Amino acid sequence: DDVQPMDATDDRQLLEGIPVRSGTKLAALVMALHRPQGSTSLQLMLATGWQPHTVRGAISGMLRKKLGLNVVLAHNKSGERVYRVV
């Protein structure tokens, strides 16, 4: 998977309208999920430093329920879970 570097301008544009402080682990999670190809659980764990259950809990509780983001789960060709905001 190609991970494209992002600059601060891209960060602000992705987070615009989402009540998340820039530079936080939650912001890193939101930005990773906004990538067109989404992010695997491992990529999300590496981006945040969180354990798998914490990543899933943040997606379910904070992003879906509190922030109202539509996070979908799919599987890639290797069978890995891929999360993405649509």
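Me: What makes α2 count as largely enclosed by the rest of the structure?

Reply: Keep in mind that this is a predicted model. Buried means under 20% relative accessible area. Seven of the nine residues of α2 are buried, so the rest of the structure largely encloses that helix. Those buried residues are Leu26, Ala27, Leu29, Val30, Met31, Ala32 and Leu33.

Me: Why does Ser41 count as buried?

Reply: The cut-off is under 20% relative accessible area. Ser41 has 18% relative accessibility, so it counts as buried. Ser41 sits in helix α3. Leaving aside residues up to four places away in sequence, Ser41 touches Arg81 and Tyr83.

Me: How do you know that β2 and β3 pair?

Reply: Pairing takes at least two bridges between two strands. Strand β2 (residues 71–75) and strand β3 (residues 81–85) have five bridges joining them, so by that definition they pair. They run antiparallel, and Ala74 has Val82 in β3 as its bridge partner. The two strands form a hairpin with five residues between them, and in the turn Gly79 has a positive phi of about 90°.

Me: What makes β1 and β2 the edge strands?

Reply: The three strands form an open sheet in the order β1-β3-β2, with antiparallel pairing. β1 (39–40) and β2 each pair on one side only, which puts them at the edges.

Me: How do you know that the length of α4 agrees with what a helix of 15 residues should span?

Reply: Helix α4 (residues 52–66) has 15 residues, and at 1.5 Å a residue they should span 21 Å. The C-alpha atoms at its ends are 20 Å apart, so the two values agree. There is a bend of about 30° in α4 at Ala58. Just after α4 comes Gly68, with a positive phi of about 70°.

Me: Which residues of α4 are buried, and what covers them?

Reply: Val55, Ala58, Ile59 and Leu63 are buried in α4. The cover over the buried residues of α4 includes α2 (25–33), α3 (41–48), β2 and β3. An α-helix has 3.6 residues a turn, so residues three or four places apart point the same way.

Methods
Residues are numbered from 1 along each chain as its sequence is written. This is a predicted model: local features need pLDDT of at least 70, side-chain atom pairs count only at pLDDT 80 or more; totals for chains, interfaces and linings use all residues. Side-chain values use heavy atoms; hydrogens and water are left out. Helices (H or I, at least four residues) and strands (E, at least two) are DSSP runs, numbered from the N terminus. The expected span of a helix is 1.5 Å times one less than its number of residues. The bend at a residue is the angle between axes fitted to the seven residues ending there and the seven starting there. Buried means under 20% relative accessible area, exposed over 50%, partly exposed in between (1.4 Å probe, protein chains only). Contact means heavy atoms within 4.5 Å.
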